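Visitor: I am new to this one. Could you walk me through it, piece by piece?

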Amino acid sequence: MDNIDKINCIVNGESYSFSKNTTLLGISKQVDTGLLNHPLVAYVDNVITELDYKVKNDCHITFIDCNDRVGNRIYQKGLIFLLLAAINELYGKDYRIKVCHSIDKAISIKTYFSLTEEILNNIKLKMQEMVALNLPISKCLSLKKDAVKYFDNMLDNKKADTYLYQTSLYVTLYRLGNIYNYFYSCLPISTSCLNSFDLKYIDNRDFVLQFPTPSSNGLIPSYNNHPKIIDAFNKNYKYAKQLDIFTSSDINKKVASGKISDIIKLDETLANNNLFEIAKDIYERKDKIKIVLMAGPSSSGKTTTSKKLSLYLNSFGLNPKPISIDDYFLPREQTPKLPNGEYDFESLNALNIPLFNEHLEKLLNHEEVYLPKFDFITGVPTISDKPFNLEENDIIIIEGLHGLNEELTGHIKKENKYKIYISPLTDLNIDNHNIVSTSDVRLLRRIVRDNRTRGYKAEETIRKWNLVREGEENYIFPYQDEADKIYNTALTYEIGVLKLYAEPLLYEVDSSSIYYEEARRLLDFLDMFLAIPTEVIPSDSILREFIGNSYFE
């Protein structure tokens, strides 16, 4: 009979026996979690679960901390809740903030009150005090109407408005001290694990929340100002004011009222105007600029942008000529390898940099060159039998991973180059405390495109995403300040469109998959948006690169 009250759990490949109804927190104290930090949550049979969960059946358990990408996202949510609770306890509900976006491994936050360094330091001290008190963060179920009334009373009408488009009668909230909040994520069960953070003062309305990242070995990375990226976000905010759309509920209202077609047209016009201005800038400097380099993270819309930019340059009388960096790969046997023995195709050293620069120099001197063509099947480059040269109004367009890295074109004078960083830098929020992550937008774009063009299931795209992100962090993000211009490819309306295509693919991810939780998180995110029909989306839209029927295909 004793065995009836026992459960068997596999933790990190090891088998353990526990009393039934032992909490995950209790289990974490009896096993080697393999973690460097306190566990935040755990996967229980591939489902993210809070540590106060009582385990009733045999299962597989994996604990995660802030060094895990999923765990780090949860850590950030916990810190935001801790920040809100500290501000409320110190200054009351009139002191409100907006969590804006991630930037340089930190979170940008705007205040609706006049911020001083003294006030920010008081907030930091209060947060540290609440961490030391080990305050519980508890999950509770609330009637939707009661939640709406609560958030209205807290002067948080944006959060209250999100529930207008939720069909459930109940909503899940979290409580810390005397305040409640909603996050489309699990949270840690207490404040004690949120002990590593910092607040950096920017100006009287802005500060950043800093924290350890998965790649920082438990340390808080230093924050560096990126004025061009900040300017791009600020411009996006100005466009949001023109559209009167700041949150998911704002755009849902446009859909519900039948006004979304106007938003799509205005959104696309603003995007085209920005790209046209870049083309104009290049034209006005055409006597010097002969090479345009474009780079950005995965699924930023680089293909459509480069082709549309070429059309705009054509309209000014310039003749763009594309050169692919990928054709300058070294022969396969000369390609550097990763520690696991696989070829590192993303490394700059995988390219024949001397040959690339030699060709560019000759072209700028009006000499003919014979471009290589890399055969990805044989792993060997071949040489074109047709000469390539530049005429008076010709301009080279180069799109690739390392386009912003000065090492790629170090032999070419800067005055002859024009670098463009491309990324969907959205300032759209779900509400004032839940941001729309740029990486989530890109992942959804990629899931939809991979399925349409390669037949990949969502699970396969999600599986590769961490490696994609690592490549971006190593080879793209460190060089974004090298750009002459930032082109923001975010479209305010796009999530409602991606929802139509991505939801069925995400529902296909089986609960037995280790990627089930990520699929479920993305579904929860998409649930915040009403679906948007595609009929009025123009054929030259960046979004068409992902959903299909693009003019440029």
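Visitor: At what angle do the axes of helix α11 and helix α12 cross?
Guide: The model is predicted. Helix α11 covers residues 438-454, and helix α12 covers residues 458-475. Their axes come within 10 Å and cross at roughly 135°.

Visitor: How many charged residues are in the contact of α11 with α12?
Guide: On α11, the contact residues include R442, R446 and D450. On α12, R469 and E472 are among them. Six residues of the contact are nonpolar and two are polar; the charged ones number five.

Visitor: In what order do the five strands of the open sheet run?
Guide: Six bridges join β1 to β2, antiparallel. Three bridges join β1 to β7, parallel. Four bridges join β4 to β7, antiparallel. With β5 included, the pairing is mixed and the order is β2-β1-β7-β4-β5.

Visitor: Which are the edge strands?
Guide: An edge strand here pairs on one side only. In the order β2-β1-β7-β4-β5, look at the two ends. The edge strands are β2 (14-19) and β5 (47-49).

Visitor: Which residue of β7 stands opposite V41?
Guide: β4 spans residues 41-44 and runs antiparallel to β7. V11 has its own bridge partner in β7, I61. Opposite V41 stands I64.

Visitor: At what angle to β5 does helix α14 run?
Guide: Helix α14 covers residues 516-526. It lies across β4 and β5. Its angle to β5 is about 75°.

Conventions:
Residues are numbered from 1 along each chain as its sequence is written. This is a predicted model: local features need pLDDT of at least 70, side-chain atom pairs count only at pLDDT 80 or more; totals for chains, interfaces and linings use all residues. Side-chain values use heavy atoms; hydrogens and water are left out. Axes are lines fitted to C-alpha atoms, for helices over the stretch in contact, and angles run from 0 to 180 degrees between N-to-C directions. Contact means heavy atoms within 4.5 Å. Ala, Val, Leu, Ile, Met, Phe, Trp, Tyr, Cys and Pro count as nonpolar, Asp, Glu, Lys and Arg as charged, and the others, Gly among them, as polar. Two strands pair if DSSP finds at least two bridges between them.
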